[in-house]
Amino acid sequence: MPQSPVNNASSFNVPVEKLFEQAEETGVLVLTGRKLSIFPPTVSSFDLTDVTVVDLSANRFVVLPQAIAEMVSIERLCCYNNVMRTLPNLNKLQSLVSLNVSRNHLANLPAHICSLPLKELNVSHNRLVSLPDELGQLKSLMDLDVSGNEIAALPSCIGELTCLRDLNVRRNHLQGLPEELTSLALVRLDISVNRISRLPLSFIKILTLRTLTLHDNPMVLPPTNICLRGRVHIMKYLQAEMEQANCRDDISVRSSRAAARREMRANSSRRTHSSRDLKDGPPQHPGARTMASGPLSLEAEMESVAKQHGLDWSGRSRSIGAGPSMTGSITGSLSVSRPVSGHSPSGMVASSTTVSAGGIVPKHDPDGTLEDDDDDDLETTPVSSPQPRTSTPNSSDVFFDAAASIPDTPASSVRSDSHLSASSQDMKQGASPARSPVHKAQSRKPPCHTTLV
């Protein structure tokens, strides 16, 4: 970028007023090296609206003269090597395509500068610590020089400078480069003398890059020995690193997908088991269990229940198949003996009780002997609750409910001791316990075949 128009040595001997007069005719105003801090008062007497080039370099301007903002036809403005701390509003300069304010004391770049149709912007060697977020509005910008400042990071909006070809960020405090930079069609890039340790792997996307300068950086990726070999070797190294990174990403993605599939299968299995448990429902009695395989016998449990109530258990069990749904039955007899005089050879009268999964049905044997009946010859009647008594008051009757035999339920449905005592007294008086045909048929009924789930 040219710093200032070419000047003739004889121009330094020309008075300032004469230079303004020449600018009216040529459209070029050159005031280089005049040690000016302000414009002369006679400037208002000149028509400078057609001036297109202004060079105020190597002067002592603290603030850009207001007369410059009124020159609406300016295309190139050079204020190099002054002491300016700020820039006035230049929104009227809508023909300005080149602005050079390098080597001044600017602490910030005003946002209104980004509304100009600039193609070249040089703000190097100032005191800038950042660039405005509005920088992306310079859609026509092709050359940007911000070298020699104190910029710590480039804004992401720099990726919006679609026409940018030359970028110079030399001698700043940069520690990295934004990924958005790789979307530009850069031809020259200077990032030397910074604190950059890594180049983005996506740097290989800048296919238009011809000049890359990155010396005096603590480079790790690529390593320093690769950087010294030049741009071609740097790009080859970044290409190899990109391929390895893609392989690692593919492996990570496959592992994540496999883990997700395993988790889905585990969740599906848990939902299946939960649905099955809800469908099967809770156990209905102590003998109801859900097993994976093998037969299930209730003989041991019924024997334990009988011992708990002080009864004698002589069981006859039928195995119950296990699986998702289990059906079967168990039968047996509980006998209790009490001393009764004159009615049994052994002096005892026996009361037999038939036990099933659904309940315990009493049977009576006045002869003192217990006799099992064949289940195949009898009609099955479900027993789910105590039935009305049809036997005579003389019979010795004990009734058990299946729920009462659960160890966790201490309450029993055994008839009260007063009833047993009354039955014993009837037998002592010699009353023969007659069994009506109805009662006999009921006492011979086989146990209930209950479906266990």
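Buried means under 20% relative accessible area, exposed over 50%, and partly exposed in between, with a 1.4 Å probe and protein chains only. This is a predicted model: local features need pLDDT of at least 70, side-chain atom pairs count only at pLDDT 80 or more, and totals for chains, interfaces and linings use all residues. Residues are numbered from 1 along each chain as its sequence is written, and side-chain values use heavy atoms, with hydrogens and water left out.

Q: How many salt bridges does the model hold?
A: A salt bridge is taken as a side-chain nitrogen of Lys or Arg within 4 Å of a carboxyl oxygen of Asp or Glu. By this rule, the count is three.

Q: Which residue forms a salt bridge with glutamate 70?
A: Helices (DSSP runs of H or I, at least four residues) and strands (runs of E, at least two) are numbered from the N terminus. Glutamate 70 lies in the loop between helix H2 (66–69) and strand S3 (76–78), and its partner in the loop between S3 and strand S4 (98–100), so the pair ties together parts 22 residues apart in sequence. With the closest N and O atoms 3.6 Å apart, the partner is lysine 92.

Q: How far apart are the closest N and O atoms of lysine 139 and glutamate 160?
A: Lysine 139 sits in the loop between strand S5 (120–122) and strand S6 (143–145), and glutamate 160 in the loop between S6 and strand S7 (166–168), 21 residues apart. Lysine 139 is partly exposed at 43% relative accessibility, and glutamate 160 is partly exposed at 40%. The two form a salt bridge, and the closest N and O atoms are separated by 3.8 Å.

Q: Is aspartate 166 buried or exposed?
A: Aspartate 166 forms a salt bridge with arginine 188, the closest N and O atoms being 2.9 Å apart. The pair links strand S7, which holds aspartate 166, to strand S8 (residues 188–190), which holds arginine 188. Arginine 188 is partly exposed at 40%. Aspartate 166, at 17% relative accessibility, counts as buried.

Q: How many disulfides are found in the whole structure?
A: A disulfide requires a pair of cysteine sulfur atoms within 2.5 Å. Cysteine 114 is buried, with a relative accessible area of 2%, and its sulfur is 7.9 Å from the closest cysteine sulfur, in cysteine 157, too far for a bond. Cysteine 247 is partly exposed at 48%. The number of disulfides found is zero.
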